[in-house]
Amino acid sequence: MALALLLDAAELQTQATDEQNCIKPSGGEAPDNLALGDPTGWLPSSNYGTRGGDRELDKSDHVEEGGPTTTAQPKKIGNWIEGVERNKHGKIVRTCGIDNCTFKAAYTTQMRNHKASKHNIDVRWYRCQEDGCDYKAKYAGHVKRHKQSAHNINVVWHHCKEDDCEYRAKDAGNLKKHKQLVHDINVRWYYCGEPGTKKGTICDFKSKQAGHIKRHKQYVHDIDVQWHYCLVDGCEYKAKLPRNLKRHKQDRHNIDVKWRFCDVEGCEYKAKQPGNLKQHKERIHNIVAEARPPPHSNQKNLTN
């Protein structure tokens, strides 16, 4: 009998505790048979605020069958949020996502510039204000360089100071390339490193420019090749470079042809490619064209 009385007392104490931990809704007493956690009745105070007070459901609360729940939030550890990507400086990294674009940026300006440049979203055009010039660009710096290059506005010349070299450039980067290519100053060599044509050998191709290594790998080793296909019906031609495809279309399909005419009096020769016209003049008219200087050569007043 004593044990039964103790059990009844414990049950009563448990019910009293449950009532204290619940919030009664406005509009009267809850029915005796109301289950705890029923969204139509009392609400557990651990989810809904002050113990014993009345509270209506907030829009941010997601009530599901079987009891109220709240929206799952990422776990926060100090100043870090679990599952959110960050760069090495702690900045949150966001992904573009437009048309499955995987570009990522930690700064709003970077993402805005990317969307304008690659997806033409919210583009702000910068235009050249010179008379008769319709040049425009998505970046103000591009217009500035255009004015320097095309209109000689606000030009700051960069001169090569090597002995007997009169090269100058409008862009500091071009002067740097000139020194590397012509004078071997501060040269950084780029190496292929792919397996050679003979077993157990390494390709020893090297270049002063990274772009040359990339093209070498495409042509020689078929690495990272982006094929460009001719879309003319029945034509299966493909090329590794757009300019080769363009030339193919001109030569084979007469698409976008620009004719070059021989300027010798009485000669009606014409060619689709400048090299063919040059060979014609040399062979037929004994006219040898003046050799063009190589890129970044010691040419005076080269404007780049």
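## Basis

In this predicted model, local features need pLDDT of at least 70 and side-chain atom pairs count only at pLDDT 80 or more, while totals for chains, interfaces and linings use all residues. Residues are numbered from 1 along each chain as its sequence is written, and side-chain values use heavy atoms, with hydrogens and water left out.

## Overall make-up

The protein chain has eight helices and 18 strands, taken as DSSP runs (helices H or I, at least four residues; strands E, at least two) and numbered from the N terminus. Of its 304 residues, 20% count as buried, where buried means under 20% relative accessible area, exposed over 50%, and partly exposed in between (1.4 Å probe, protein chains only).

## Salt bridges

The structure holds five salt bridges, each defined as a side-chain nitrogen of Lys or Arg within 4 Å of a carboxyl oxygen of Asp or Glu. Among them is the pair K208 and D184, at 2.4 Å from N to O; because K208 lies in the loop between β14 and α6 and D184 in the loop between α5 and β13, the pair ties together parts that are 24 residues apart in sequence. K208 is buried, with a relative accessible area of 18%.

E194 and K217 also meet through their side chains (3.9 Å, N to O), linking the loop between β13 and β14 with helix α6, 23 residues apart. E194 is partly exposed at 22%, as is K217 at 21%.

A further salt bridge joins R247 and D251 (3.5 Å, N to O), both in helix α7 and four residues apart, about one turn of the helix. R247 is partly exposed, with a relative accessible area of 41%, and D251 is partly exposed at 33%.
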